[in-house]
Amino acid sequence: MSWVAKSRTNPIPVAAARSKPGPTGTAVAPASANVRISNGLKEFLWLVNDPRDAKQGRILDLGPVWQATVTFFIEKGFRVSTEDLLRAWKEFLTAEEEGLRRAAVGNGGERVSPAMLAEKFLETALQYPEENFHGVLAWDLFDYLDSQLLPRVMDRLFSMLRPGGALLSLFHSRTPERFSRYRILDTQNVELIASPTLAIHAHVFQNREILDLFGKFRSSKTFVGRDQVREGLFLK
């Protein structure tokens with residue numbers, strides 16, 4: 001599929017972001033049902049590996065720490081930061097609920113809104129400098145965030161990406177049968193690891209909603225797998 005460039009003042013063509021041709025090659029079908037071919041990952045790697053950038057590439061993985069994933073990027077010359085945002089959000093909410101239970105009844109405490117919780121969470125989460133990362137792996141995180149936290153996380157991630165940086169995300173076309181985390185095996189294969197559920201699947205995004213969510217990004221590209229999981233690759 002081709003890149004969809006969004007309307008911008010003096011837009012920069014995607015072709016200008018790279019002087020080399022796009023990634024090529026045919027994927028080999030995974031041998032395990034728990035392994036999926038990721039065309040989005042393949043192109044993500046091509047985008048973040050810019051030989052014209054003298055600085056060592058920086059990648060932010062918003063899932064759990066997997067040694068295989070970390071080693072994969074280190075061997076390619078990247079620096080990797082990992083922040084399991086969904087687990088951090090669950091632990092934050094659990095701590096907030098525990099604090100409310102321990103509070104004295106009738107103490108006149110202020111009612112905490114979802115927006116207030118989102119703001120408080122981001123006071124300690126995603127604390128990185130602006131324009132710090134060449135790429136962000138969000139996986140299916142956005143499917144699980146509530147309507148108050150999601151736009152705030154999007155704004156934070158956009159500010160953390162360098163100009164020309166790429167973000168890779170997955171969107172389920174229906175509620176998944178199980179909760180999974182993602183581990184990179186190679187340049188185009190990702191292993192799905194069944195895990196205890198950290199959050200309820202909050203939303204099935206339609207195409208227009210995805211474009212609106214990434215409205216600040218200047219271009220996008222989507223891939224639909226045989227499992228009907230949509231991969232979105234977004235360029236700042």
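1. The buried residues of α1 are Gly40, Leu41, Lys42, Glu43, Phe44, Leu45, Trp46, Leu47 and Val48. This is a predicted model, and the points below should be read as such. Helix α1 covers residues 39-48. With 9 of its 10 residues buried, α1 is largely enclosed by the rest of the structure. Note that the buried set includes Lys42 and Glu43.

2. How do α3 and α4 cross? Helix α3 takes in residues 85-102, and α4 runs over 114-121. Their axes come within 11 Å and cross at roughly 120°. The two helices are therefore oblique to each other. The crossing is right-handed. On the α3 side, the contact is made by Leu85, Ala88, Trp89, Phe92, Leu93 and Glu96. On the α4 side, Leu117, Ala118, Lys120 and Phe121 take part. By type, the residues of this contact divide into 8 nonpolar, no polar and 2 charged.

3. Residues three or four places apart in an α-helix point the same way, because there are 3.6 residues a turn. In the contact with α4, helix α3 contributes Leu85, Ala88, Trp89, Phe92, Leu93 and Glu96. That list can be checked against the spacing on the model.

4. Which strands form the open sheet, and in what order? The sheet has 3 strands, ordered β2-β8-β7, with antiparallel pairing. β2 (35-37) and β7 (180-184) stand at the edges. Each has a single partner strand, so one side of each is left without a neighbour in the sheet. From one strand to the next, the twist averages 35°.

5. Within that sheet, look at β2 and β8. Strand β8 spans residues 189-194. It pairs with β2 in the antiparallel sense over 3 bridges. Val35 stands opposite Glu191 in β8.

6. Strand β9 holds residues 219-224 and strand β10 holds residues 229-235. They pair in the antiparallel sense over 6 bridges. Phe223 faces its opposite residue, Glu231, in β10. The hairpin has 4 residues between the strands. In this hairpin, Gln228 takes a positive phi near 65°.

7. Most residues other than glycine have a negative phi. Beyond Gln228, two further sites deserve a look. Glu131 is not a glycine, yet has a positive phi of about 55°. Glu131 is found in the loop between α4 and β5. At 43% relative accessibility, Glu131 counts as partly exposed.

8. Trp139 is the other site. Its phi is near 50°, a positive value in a residue other than glycine. Trp139 lies in strand β5, which covers 133-139. Is Trp139 buried or exposed? At 5% relative accessibility, Trp139 counts as buried.

9. Finally, Asn132. This residue sits in the loop between α4 and β5, where Glu131 is also found. Asn132 is buried, with a relative accessible area of 16%; the cut-off for buried is under 20%. Glu131, by contrast, is partly exposed at 43%. Which residues does Asn132 touch, leaving aside those up to four places away in sequence? They are Arg58, Met160 and Arg162.

Terms used:
Residues numbered from 1 in each chain as written. Predicted model: local features only at pLDDT ≥ 70, side-chain atom pairs only at ≥ 80, totals over all residues. Heavy atoms only, no water. Buried < 20%, exposed > 50% of the residue type's maximum accessible area, 1.4 Å probe, protein only. Contact = heavy atoms within 4.5 Å. Axes fitted to C-alpha atoms, helices over the stretch in contact; angles between N-to-C directions. Parallel < 35°, antiparallel > 145°, perpendicular 65-115°, else oblique. Left-handed = near helix turned anticlockwise from the far one by under 90°. Nonpolar A, V, L, I, M, F, W, Y, C, P; charged D, E, K, R; others polar. Pairing = 2+ DSSP bridges.
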